[in-house]
Amino acid sequence: MNARKLPSIRPAFDADAQNAAVAALRAGELVGMPTETVYGLAADATNGEAVARIYAAKGRPSFNPLIAHVADLAAAEKLVVFDPLSRRLAEAFWPGPLTLVLPKRADAGVSDLATAGLDTLAVRMPSHPAAHALLKAFGRPVAAPSANRSGHVSATTAAHVAADLGHAVSVILDAGASKVGVESTIVAATPRGLALLRAGGVPREAIEAVAGAPLEAVDLTDPEAPTAPGQLASHYAPGAAVRLGADEVRPGEALIAFGPELPRNAEAAVAMVNLSPRGDLIEAAARLFSALRELDGKAATIAVAPIPATGLGEAIADRLRRAAAPRP
Ligand code: TXA
Ligand code: MG
């Protein structure tokens with residue numbers, strides 16, 4: 001029989017429960033975190049392997065960028081660069097259900113996997129006191145998507161989290177039902193002004209009233225929407241071509257390897273990164289974006305060794321396929 005670890009559902013304001021949650025985050029484990037919008041599946045945003053566990057647990061077939069949750073404005077300032085308008089929004093709506101997508105600071109320390117390799121970072125300061133206490137005690141940014149399995153509705157109670165993701169979390173902090181019940185509103189600062197990326201807990205009108213200008217609507221959840229790469233001014237795509245499923249390295253290519261067995265002719269690669277010499281998909285996901293950055297510019301083509309299409313392998317392949325797609 002498969003002896004699965006049962007999550008411990010603990011009262012969110014209990015001091016021991018908070019300590020256990022902080023310890024779990026420090027150890028790179030996942031925590032069910034209540035927020036005013038929905039429950040989040042929380043991990044240390046600075047720890048690539050912890051972030052990879054989020055994607056593995058959710059069963060997401062791709063690496064969506066994640067929101068970095070912080071306790072206060074000072075913590076947010078260490079991660080992103082605020083322009084005057086975004087700062088005004090933060091001052092008006094934080095803590096609360098508004099997420100701001102801003103240029104990521106070079107020294108933010110957030111894992112490339114959490115931002116899916118983007119140069120921007122989504123930040124949010126939740127108003128839920130249990131989330132605030134956890135973020136304050138942990139002292140680092142926390143990556144947290146909604147705590148549902150991919151394709152399911154968002155979790156608004158601890159029991160939802162346990163049902164969907166109980167096998168993957170160490171501790172679920174139970175604070176009853178989320179008050180807002182829908183996710184945060186996401187606003188991006190773009191060169192053309194503010195863009196509404198997702199409607200959510202703060203109404204558009206309230207944001208426009210503070211901004212003094214209409215929000216451009218860019219619905220990223222609509223597959224038909226014209227989300228041209230570069231619309232957000234910061235989509236990362238390597239300049240090099242990417243050749244997937246390479247069982248040999250061709251002259252002049254750089255190599256992304258996986259596992260103990262290297263493709264034929266690997267020694268001729270102009271540069272190589274092995275995502276996980278021991279063949280671990282969580283470790284591989286954590287290294288993926290930094291590997292692309294490291295090899296980009298070193299060769300016209302990056303050959304990628306075959307990676308199993310199971311678990312996180314599917315999302316890794318998805319991201320690599322996008323990296324390999326011809327640019328407009
Ligand atoms: O209310 C919420 O925001 C909840 C709670 C847990 O805080 N979190 C949440 O996270 O809804 P998630 O991962 O389910 O949704 C985050 C959205 C995704 O659609 C993602 O594409 C977008 O934010 N996003 C994150 N970083 C981004 C970035 N740098 N640029 C554009 N979109 C980004
Ligand atoms: Mg979600």
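This is a predicted model: local features need pLDDT of at least 70, side-chain atom pairs count only at pLDDT 80 or more; totals for chains, interfaces and linings use all residues.
Residues are numbered from 1 along each chain as its sequence is written, chains are lettered from A and ligands numbered from 1 in the order in which they are written, and side-chain values use heavy atoms, with hydrogens and water left out.

**Ligand 1 and its shell**

- Ligand 1 has 22 residues around it, and the closest are T37, H69, T120, R124 and S184; to be near a molecule, a residue needs a heavy atom within 4 Å of it.
- Sorted by class, that shell holds twelve nonpolar, six polar and four charged residues. Here nonpolar covers Ala, Val, Leu, Ile, Met, Phe, Trp, Tyr, Cys and Pro, charged covers Asp, Glu, Lys and Arg, and the others, Gly among them, count as polar.
- Strands β4 (67–69), β6 (120–124) and β10 (193–198) each put at least two residues into the shell around ligand 1. The largest share, three residues, comes from β6.
- Those element labels are DSSP runs numbered from the N terminus, with helices being H or I of at least four residues and strands being E of at least two.

**Polar contacts to the ligand**

- T37 has a polar side-chain atom 2.6 Å from an oxygen atom of ligand 1, and H69 likewise puts a polar side-chain atom 2.6 Å from a ligand 1 oxygen.
- In the side chain of S146, an N or O atom sits 3.2 Å from an oxygen atom of ligand 1.
- A polar contact is a pair of N or O atoms within 3.5 Å; within protein, one must be able to donate a hydrogen and the other to accept it, and residues adjacent in sequence count only if both atoms are side-chain atoms.
- Taken alone, ligand 1 exposes 690 Å², and the protein buries 92% of that (Shrake-Rupley areas with a 1.4 Å probe; for residues, only the protein chains shown count as cover).

**R124**

- R124 is part of strand β6 and counts as buried because its relative accessibility is 2%. The cut-offs are under 20% for buried and over 50% for exposed, with partly exposed in between (1.4 Å probe, protein chains only).
- A polar atom of the R124 side chain lies 3.1 Å from the backbone oxygen of G96.

**Domains**

- The chain is assigned domain 1 (9–211) and domain 2 (241–324); the bounds come from an automatic or database domain assignment.
- Their C-alpha centres are 30 Å apart.
- Between them, the contact takes 16 residues from domain 1 and 15 residues from domain 2, with contact meaning heavy atoms within 4.5 Å.

- The W94 to P95 peptide bond is cis, with omega near -5°, and P95 sits in the loop between α4 (84–93) and β5 (98–103).
- A116 isn't a glycine, yet its phi is positive at about 50°. This alanine is in the loop between β5 and β6, and A116 counts as buried because its relative accessibility is 6%.
- N265, also not a glycine, has a positive phi of about 70°. The loop between β13 (254–257) and β14 (272–274) holds N265, which counts as partly exposed at 35% relative accessibility.
- G311 is in the loop between β15 (301–304) and α9 (312–324), and counts as exposed because its relative accessibility is 60%.
- G311 and S178 are 133 residues apart along the chain, and their C-alpha atoms are separated by 30 Å.
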